[in-house]
Amino acid sequence: MSLNILVVGAGVAGPALAVFLQSANPKHNITIVERYPLLRVAGQQIDLKSQGIPILKKMGLLETVKALCVAEKGADVVDTNGKLVAHFGINKAAEGGQRGLTSEYEIMRGDLVDVLYQRSLKQREEINKELGTEGTGSLTYEFGKTVTSLDNSDEGVDVNFSDGQKKRYDLVVGADGQGSRTRKMAFGQDGNDEAFNSIGVHTAYYSIPRVEGEGEMAQLFFSTGSRFVMTRNSDRPMTQVYLFIMKDSERFRTVHRETIEKQKEVWRESFKGAGWQTDRLLAGLSSCQDWYAHEIAQIKMKSWYTGRVVLLGDAGYSPSPFTGMGTTASLVGAYILAGELARNGKNVGAALENYNQIPRPPIDECQRMPSSVGKFFPTSKVGVWILNKSAWALAGLRLDERIARWFPAPKQETGWKIPEYPELNLEKA
Ligand SMILES: Cc1cc2nc3c(=O)[nH]c(=O)nc-3n(C[C@H](O)[C@H](O)[C@H](O)COP(=O)(O)OP(=O)(O)OC[C@H]3O[C@@H](n4cnc5c(N)ncnc54)[C@H](O)[C@@H]3O)c2cc1C
């Protein structure tokens, strides 16, 4: 049965879902609305791990993604003088399920978003060529547009849009990220607040021009005052800067709602004099074009759907960037949601209930976090010294696998296997 589906958000999960839906049934009418005026390709390196890899293979995109992967060679921990404290290598897919900071499949977020977006459009073009355009389904992206209200029931959803349009859909998919407004509209303020589990850390990402001498290693610097700074260059012309802070949570929460200029001012002030190359990194703040800051949280919900509104990816189960599993979880979710819709035909309710159950084990694994994030955010010089010494010992003793406990991820070898959906007409993984 073909459905009239609205997807909110053209990040990773939204376009991936469109690819699976079209592959299963070209007659679906799919509309994707994206709040940004154009495809939002900001973001730094994201990881693809575990079940995300066979899913990309099934989409026929693994080689494309491989070719776009960044060439990071591992991670160095440095002290305030830039002196090497510890070195960690790359975690290969075949060695322990891809754990650690640098994994084998690291890609710039914008590259992956673009690959999935382009694939969905090309697929549509091919369908239209083969079947014509009359009554054969559609895929429409609408940028600079969002949903303002939803009237949800078990039969369908009436949607009001920011441009004044009103439409009815069989299904609305909230793929609008960690701060999902679809979640708030469908589950209410209380449901939203309950789902949002803050880690107590705030982060900002941006890029500045690379300077001579910056190699292909990520660099990690632990500072006093619960601050942590990371840069990543890999083989790209820009240096990715990551700032993390684990204090003044209320203040930063408020600041995230301010203008970008105001946000930059507060972050600049908070990291000034933090040590190492922080002042140089802060100097690049004024001119950076891809500023992105948010509160790090995990989204945990008993149900990912209500009526005919369903949440997908970070909107429903963000594991937080600390796990490096957000992209993998969103691909797993998109695959299973489309698979269950294809399998259950007219019975959309059954499809949603199965989607709500089947991916729980991998999503729970994706959400496994270090027992105490706080230990990575020492307040004092002594705390930094202890942390650096621990990193030195782990790296020096070649105990990289212990790092896995700091950045946990599902073990491929013991983990959950993706179900097969012949109904999706995909390649064999
Ligand atoms: C700009 C940006 C940068 C990121 N950078 C990193 C990073 O460096 N490292 C990392 O680990 N993770 C990063 N992430 C998160 C990462 O992309 C996700 O964890 C993961 O890929 C799952 O993707 P998703 O599609 O569920 O969510 P997202 O990738 O967050 O995509 C959500 C999409 O929905 C859009 N959207 C949001 N609200 C609305 C609305 N009300 N109406 C319509 N559209 C809406 C957003 O603009 C975005 O395009 C970033 C996300 C964004 C949006």
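**Reading strands, cores and cysteines in a predicted model**

Reader: Which strands does helix α13 lie across, and at what angle does helix α13 run to β5?

Author: Helices (H or I, at least four residues) and strands (E, at least two) are DSSP runs, numbered from the N terminus; contact means heavy atoms within 4.5 Å. Axes are lines fitted to C-alpha atoms, for helices over the stretch in contact, with angles running from 0 to 180 degrees between N-to-C directions. Here, helix α13 (residues 381-396) lies across β4 (75-78), β5 and β13 (218-223), and runs at about 40° to β5. Helix α5 (residues 181-195) lies across β12 (196-209) and β16, at about 110° to β12. Please keep in mind that this is a predicted model, in which local features need pLDDT of at least 70 and side-chain atom pairs count only at pLDDT 80 or more, while totals for chains, interfaces and linings use all residues. Residues are numbered from 1 along each chain as its sequence is written, and side-chain values use heavy atoms, with hydrogens and water left out.

Reader: In what order do the seven strands of the open sheet stand, and why is one side of β5 and of β16 left without a neighbour in the sheet?

Author: Two strands count as paired if DSSP finds at least two bridges between them. The order in this open sheet is β5-β4-β13-β14-β15-β12-β16, and the pairing is mixed. Because β5 (84-88) and β16 (292-299) stand at the edges with a single partner strand each, one side of each has no neighbour in the sheet. On average, neighbouring strands of this sheet are turned by 20° against each other, direction ignored.

Reader: How many bridges join β14 to β15, and how many of the residues of β14 are buried?

Author: Buried means under 20% relative accessible area, exposed over 50%, and partly exposed in between (1.4 Å probe, protein chains only). Strand β14 (residues 227-232) runs antiparallel to β15 (residues 238-245) and is joined to β15 by six bridges, whereas five bridges join β13 to β14, again antiparallel. F228 stands opposite F244 in β15, while F222 stands opposite F228 in β14. The hairpin of β13 and β14 has three residues between the strands, and G225 in the turn has a positive phi of about 70°; in the hairpin of β14 and β15, with five residues between the strands, S234 takes a positive phi near 45°. Six of the six residues of β14 are buried: R227, V229 and T231 point one way, and F228, M230 and R232 the other.

Reader: Which residues have the most contacts inside the largest nonpolar core?

Author: In soluble globular proteins, nonpolar side chains tend to be buried together. A nonpolar core is a set of buried Ala, Val, Leu, Ile, Met, Phe, Trp, Tyr and Cys residues joined through side-chain atoms within 4.5 Å. The largest one here has 67 residues, with L17, V173 and L312 having the most contacts inside it, and helix α10 (residues 326-344) gives the most to this core, with nine residues. Apart from neighbours within four places in sequence, L17 is in contact with V7, V173, L312, A334, L337 and A338. A second, separate core of 25 residues includes A75, F376, L387 and A391.

Reader: How many disulfides does a search of the whole structure find?

Author: A disulfide is a pair of cysteine sulfur atoms within 2.5 Å, and the search finds zero. The sulfur of C366 is 18 Å from the closest cysteine sulfur, in C69, which is too far for a bond. C366 is buried, with a relative accessible area of 1%, and C288 is buried at 8%.
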